[in-house]
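I opened the notebook to look up a few things in one model. The entries follow in the order I made them.

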Amino acid sequence: MTRLTVRRYLSGERVPGQRARTAPDPFEEFVEYCRLRLSADPHLWATTLFDEVTALGYRGSYPSFTRALRARELRPVCGPCRSGKTGQRAVIAHPPGEETQWDYLELTDPPEHWGFRGSAFVLLGVLSHSGRWRGWITESLDQPHLIEGLDQVVGRLGGLTRRWRFDRMSTVCHPGSGRLKASFGPVAVHYRVGIDICPPRHAWRKGAVEKSAHVIAQRWWRTLADDTTLAHAQAGLDRVCARLDGRRRVDAAGVKTTVGALAEAEGLRPAPAPLPAVLGVERTVSEQALVSFRGNRYSIPPGHTGETVQVRHRLGTPELDITTARGVTLARHRRCPDGAGALVRADEHVAAMTRVVLAEFTDRAPCQRKRRCPPTAQALAEAERIRRTRSGTPVESGEQVVIDFDAYASGARPLRGANPGADARESS
């Protein structure tokens with residue numbers, strides 16, 4: 001830089017990093033208005049305020065407008081929003097085998113061939129002491145799917161802790177009050193665990209599962225291929241979680257270790273048999289009278305193509321039922337392992353489908369769609385009758401059309417005096 005610039009910096013005429021404007025600031029006359037508006041409403045959107053100052057005559061761009069707001073610090077800090085929030089975090093002590101944190105991770109845009117209606121979900125379970133993560137992919141947030149996910153994740157974690165901590169899930173508690181739902185009480189009794197519900201707006205109270213959801217979404221879901229099956233996706237999630245067990249940690253004594261070593265030393269209780277909850281999902285019947293479920297296909301009787309049916313399975317049992325929307329059982333099959341790609345078809349379903357196909361088979365030549373086929377004589381006569389009826393013209397036929405009963409009566413009985421003999425006989 002020149003000696004003149006250095007001299008101005010040393011004398012205080014100019015400040016390094018600040019350039020003098022050669023044109024007047026277009027935002028200067030709107031500063032007070034923006035300050036008053038944001039003082040009254042600290043949460044006012046900048047886009048709304050930009051529309052207002054534009055109507056007042058501001059000609060700058062939206063990025064210039066927001067930059068001017070930040071440079072002048074016109075938006076005040078909202079006291080209620082800042083209360084209780086601080087950059088400092090206290091470390092909560094979690095004894096070994098004490099707590100498991102649970103939460104759902106929503107996965108948008110799952111592969112279409114999975115058959116999920118909407119988003120997919122991952123139920124994540126984290127051991128608070130060691131930080132071991134495990135997850136289970138599910139298509140629904142209802143309570144039977146939650147119970148299935150709890151059993152699957154507990155088996156992958158290695159056992160049960162003494163307490164479970166949940167977010168305010170509607171399947172576990174009442175979101176408004178935080179009170180445990182009566183329908184979830186048998187689940188806690190079955191697994192012999194205590195239930196803790198996080199207070200509202202305290203995400204850091206279950207920070208371990210919040211961090212696991214962030215890592216799983218970025219390191220696994222974002223790179224999942226479109227042609228991945230549900231079984232392969234679950235296997236890939238298990239591999240990612242197992243690989244993350246190698247993260248380095250320091251135990252309570254200050255000794256360097258890993259997450260996996262800490263988890264193995266927690267001394268978890270073995271899990272009982274699955275709670276016999278009944279889960280159900282909706283599926284659409286294919287043209288081959290097949291219903292897809294968990295990577296396999298199961299047959300039903302023909303005649304239901306395109307209908308929506310319910311696949312029901314009681315946890316811990318080897319069978320599954322396929323029912324109509326009204327609850328009529330269409331088929332019962334032995335469930336195959338998830339992702340096996342099996343085609344399960346009952347003999348009676350195959351025979352019924354064969355009969356339907358053979359009954360509809362014909363060797364007759366197809367109809368000629370382009371041949372000439374004018375209206376027949378009967379059709380033309382019917383059209384003429386319709387035209388005459390609508391126009392009020394009597395229809396030409398062998399019988400007279402009666403439209404006036406008085407005329408009919410006068411025609412059927414001659415007037416008195418027209419036939420003297422008849423009149424005389426009638427009077428006698």
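I took helices to be DSSP runs of at least four residues, numbered from the N terminus. The model is predicted.

I looked up where Leu10 sits and found it in helix H1, which covers residues 3-11. Is Leu10 buried or exposed? Exposed means over 50% relative accessible area. Leu10 has 74%, so I noted Leu10 as exposed. I then checked for a surface patch and found that Met1, Val6 and Leu10 make a nonpolar one of about 390 Å².

Entry on the whole chain. I counted 14 helices and 14 strands in the secondary structure. The chain has 428 residues, and 33% of them count as buried. I put the accessible surface of the chain at about 27,900 Å², with 53% of that area belonging to carbon and sulfur atoms. For contacts with a separation of 6 or more, I found that 60% join residues 24 or more positions apart.

In what order do the four strands of the open sheet run? I read E8-E11-E12-E13, with antiparallel pairing. Strand E8 (278-284) and strand E13 (329-334) are the edge strands, each pairing on one side only. Neighbouring strands of this sheet are turned by 25° against each other on average, with direction ignored.

Entry on one strand pair. I followed strand E12, residues 319-323, to its antiparallel pairing with E13 and found five bridges. For Ile322, I looked up the bridge partner in E13 and noted Ala331. As background, strands of a sheet pair through backbone hydrogen bonds.

Methods:
Residues are numbered from 1 along each chain as its sequence is written. This is a predicted model: local features need pLDDT of at least 70, side-chain atom pairs count only at pLDDT 80 or more; totals for chains, interfaces and linings use all residues. Side-chain values use heavy atoms; hydrogens and water are left out. Patches are made of residues with over 30% relative accessible area and no salt bridge: like charges are joined within 9 Å, nonpolar side chains (Val, Leu, Ile, Met, Phe, Trp, Tyr) within 5 Å. Accessible areas come from the Shrake-Rupley method with a 1.4 Å probe; for residues, only the protein chains shown count as cover. A salt bridge is a side-chain nitrogen of Lys or Arg within 4 Å of a carboxyl oxygen of Asp or Glu. Helices (H or I, at least four residues) and strands (E, at least two) are DSSP runs, numbered from the N terminus. Buried means under 20% relative accessible area, exposed over 50%, partly exposed in between (1.4 Å probe, protein chains only). Contact means heavy atoms within 4.5 Å. Two strands pair if DSSP finds at least two bridges between them. Axes are lines fitted to C-alpha atoms, for helices over the stretch in contact, and angles run from 0 to 180 degrees between N-to-C directions.
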